[in-house]
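This briefing sets out selected structural features, grouped by topic. It is intended to be read alongside the sequence and the model.

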Amino acid sequence: MSDPVTGSSGSASALLELSKLEVAYGGIQAVKGIDLHVDKGELVCLIGANGAGKTTTLKGICGLQPVKRGTIRYDGKDITGRPAFELVRNGLAMVPEGRGVFGALTIEENLAMGAYVRDDRAAIATDIERIFHLFPRLKERRRQTAGTLSGGEQQMLAMGRALLSKPRLLLLDEPSMGLAPLMVQKVFETVMTVSQEGVTILLIEQNAKLALEVSNRGYVMESGAITLAGDAKTLLHDPAVRAAYLGESAA
Amino acid sequence: MHALLDLKQNPRTAWIGLALIGVALVVLPFALAAVGTAWVRITNLAILFVLLSLGLNIVVGFAGLLDLGYIAFYAVGAYTYALLASPHFNLHLPFWIVLPIGAAVACFFGALLGAPTLKLRGDYLAIVTLGFGEIVRIFMNNLSQPVNITNGPQGITLIDPFRIGSFSFAERETIAGLDFTGPVKYYYFLIVVLLAVIVINLRLQNSRIGRAWEAIREDEIAARAMGINTRNMKLLAFAMGASFGGVSGGIFAATQGFISPESFVLVESIMVLSMVVLGGMGNIWGVILGAVLLSFVPEVLRYTVAPAQQALFGRLLIEPEVIRMLLFGLALVLMMLFRPAGILPSALRKRELESRK
C-alpha cells in the first residue's frame, strides 16, 4: 500500500502513527486532523511557520496537551492521551521547547536525571560516558551547573539527557530556537549523529532549510493542517516550499 | 557542621562529634531541669517545632511547593489524638495506636489538599494552602454543633498522657536516683522520634523519590519528560509532610493535656515556614538549626528583656513581645541581605540563587 501524499509506503514498520489527530490549545483548534507517520530508523521533520501548530502536535503526542479527536499509535499500540512519564518508560522521549535543562544541577546530575526510569546503575555510568564521547564539550564542563552553559550547549545536554532514557523514538521541539547561526549548524550535526546511532527522530523545526537537509522525509504544516509531505530532498526543491519557507520568490 | 559530621571524609572526628552530641542530648534535660522544669517544657516544644519544620521541609524544601497552611496537619494530628484519648468521647486508646492513626488521618488530609492544587504553583498554591489552613481551624472552632465533635473554641481538656502499662509519662518518679519529671520523660520520647524523622529525611533526600522532587522543583515539564510521575510525587510530598505534622500534633496534644483551635492559627504556619527558610530550605541540618533558634530565642528574650530593662532604666519600657517581633523582623532582613539561602543553605539552593544573579 503506497501512500500518495507522504511518498512512503506502508505503515507496517511505522513506529509512530498519527491519524486524524485534532488538538485544541487554549480554546483554539491548533491541530486540525493531521495524518503523519515516522518509520523505524527514520529522521522525519515537521516544518512550518510560527503558530502553525507544530508544538501543539508534539504536546498532543506526549500527553502534555489533551487530544480532542483522532488516534496516536506508537509501536503498534494506541497511546492517545497517555501521560508523558509513561511514554518515556516505553522508549518515547522528548526534548521540550526551550530545552528545559535543570539549571541548578550539574551536567552530570542532569544526565543522571535522564536515566531516572532506569535502574541498571553500571550501564547508566557507561552510557553517560558515551554521551560525553558524543558531546566532548559537555565532558569538559561536567561539574558545572547547566545554567551556566550556552544555549547550544544546553541543547546538547537536553539531547544527551533524553538519550539516557534509551529512547527508541525521540521528539525534538525546535532545537535551533534562539541559537546563534554557528550553534544551529552544530545542533543539526548533533541531530544527525543521534539519528545515526539508530534512534528514530521526529524533528519539529522552523528552520525549514536545515531541517529538510538532515531529514529523510518532511511534512509541512500550515495553520493546523499538513499541506505538503514527502521526501525531504524533493521538498527542499519544491518551489512552493522554497517560496514560503526558504525566502525565495516563487517565480 | 557538614564537614564535622561527614562519616566518609573524616570518620574519626565525625564519630567523636556524634558521640558528644549524643551525650549532650542525654544529659540536657537534667541540666535544664536544674534551671527550671519550664525549660524542659520549652525544649520539648522546640523539638516539636523541629519535627514540624522537617515535615514542612519535605513539601517546601524538597518538592518546592509553598505551603502556608501546614499547621492544619498539626491540628489534625492533635485533634485526632484528643478525640481518641480523652474523656470527651470517653475513648482512651493507647498512644501507640492513636499516633499512627493521627499520622494516617493527616496523611489523608495532605493528599486532600494536594489533589486540587496539583496544577498550581507559587503564589496561587500559597493562597490555596493558606485558605486550607484557615478552613481546618474554623472547622475545629465550629464543629461543636449540632453534634459536638471538637467542643468548639473551648477546646478539649484532660487529654490522656502517654502510658505504657502502668508507666505514665505524666507522673514524676525517681529511677536510679534520678528525678524523672513528666517533661523529662517526654523529652526522651521526642528525641527518639526526632532521630527517626531525621533518618527518614536523610534517606528520602538521597533516594529516587528525593531526586524526583528535585526535578519537579527545578522544572516540572522537564521532570515529566524524564519519566517522573509528577502527580504522584507531588501528592507524596504533601502526604509525607502532612503525616509528620500529624505525629507532632498527637505528641503536642498529649504533652499539653489541652488543645483548642487557638493553637493552630495562621501565625503558627508562618512561624514554621520561617524556621525552614531561616535555617536553609532543603538542608535538614539548616532546618533543624532554624527551628531551634526561632523556638529558643523568644523564650530567652522573655526571661532577659524585662529584667535587663528594670536594671538599666528602673522600669519596663518595651514589652518583651514587641522586642521579639522587632528582632525577628531584623533577623529576616539581615538574612535576606547576607544569607538569602538560609543560615546553613543546601548546596542546591545556593546554586539556584547564584544562577539567578
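Two strands are taken as paired if DSSP finds at least two bridges between them. The model is predicted. In chain A, six strands form an open sheet of mixed pairing, in the order E6-E7-E8-E3-E9-E10. The points below cover this sheet, then helices of chain B, and finally some backbone features.

**The sheet of chain A**

- The edges of the sheet are strand E6 (92-95) and strand E10 (225-231) of chain A, each of which pairs on one side only.
- From one strand to the next, the twist averages 15 degrees.
- Strands of a sheet pair through backbone hydrogen bonds, in either the parallel or the antiparallel sense.
- E6(A) pairs with strand E7 (residues 169-173) of chain A in the parallel sense, over four bridges.
- Within this pairing, A:Leu171 in E7(A) is the bridge partner of A:Met94, and A:Leu169 in E7(A) stands opposite A:Leu92.

- Helix H6 (residues 151-163) of chain A lies across E6 and E7 of chain A and runs at about 170 degrees to E6(A).
- Helix H1 (residues 54-61) of chain A also packs on the sheet, where its contacts are with strand E3 (43-48), E6, E7, strand E8 (200-205) and strand E9 (217-222) of chain A.
- The direction of H1(A) makes about 145 degrees with that of E7(A).

**Helix packing in chain B**

- Two packed helices are described by the angle between their axes and the distance between the axes.
- Helix H10 (residues 266-279) and helix H11 (residues 284-313) of chain B pack at an angle of about 125 degrees, and their axes are 7 Å apart.
- H10(B) and H11(B) are therefore oblique to each other, and their crossing is right-handed.
- On the H10(B) side, the residues that meet H11(B) are B:Met271, B:Ser274, B:Met275, B:Val276, B:Leu278 and B:Gly279.
- Their counterparts in H11(B) are B:Gly286, B:Val287, B:Gly290, B:Ala291, B:Leu294 and B:Ser295.

**A buried serine in chain B**

- B:Ser243 belongs to helix H9 (residues 230-256) of chain B.
- With a relative accessible area of 16%, B:Ser243 falls under the 20% limit and is therefore buried.
- A polar atom of the B:Ser243 side chain lies 2.9 Å from the backbone oxygen of B:Met240.
- Apart from neighbours within four places in sequence, B:Ser243 is in contact with B:Ala103, B:Ala106 and B:Cys107.

**Backbone features in both chains**

- Most residues other than glycine have a negative phi, and most peptide bonds are trans.
- A:Lys20, in strand E1 (residues 14-25) of chain A, has a positive phi, near 50 degrees.
- A:Lys20 is exposed, with a relative accessible area of 57%.
- B:Asn90 also has a positive phi, near 55 degrees, and lies in the loop between strand E1 (85-86) and strand E2 (91-92) of chain B.
- B:Asn90 counts as exposed, at 58% relative accessibility.
- The peptide bond joining B:Gln145 and B:Pro146 is cis, with omega about -10 degrees.
- B:Pro146 is located in the loop between helix H5 (122-142) and strand E3 (163-164) of chain B.

Methods: Residues numbered from 1 in each chain as written. Chains lettered and ligands numbered in written order. Predicted model: local features only at pLDDT ≥ 70, side-chain atom pairs only at ≥ 80, totals over all residues. Heavy atoms only, no water. Helix = DSSP H or I, 4+ residues; strand = E, 2+ residues; numbered from the N terminus. Axes fitted to C-alpha atoms, helices over the stretch in contact; angles between N-to-C directions. Contact = heavy atoms within 4.5 Å. Buried < 20%, exposed > 50% of the residue type's maximum accessible area, 1.4 Å probe, protein only. Polar contact = N/O pair within 3.5 Å; in protein donor to acceptor, adjacent residues only side chain to side chain. Parallel < 35°, antiparallel > 145°, perpendicular 65-115°, else oblique. Left-handed = near helix turned anticlockwise from the far one by under 90°.
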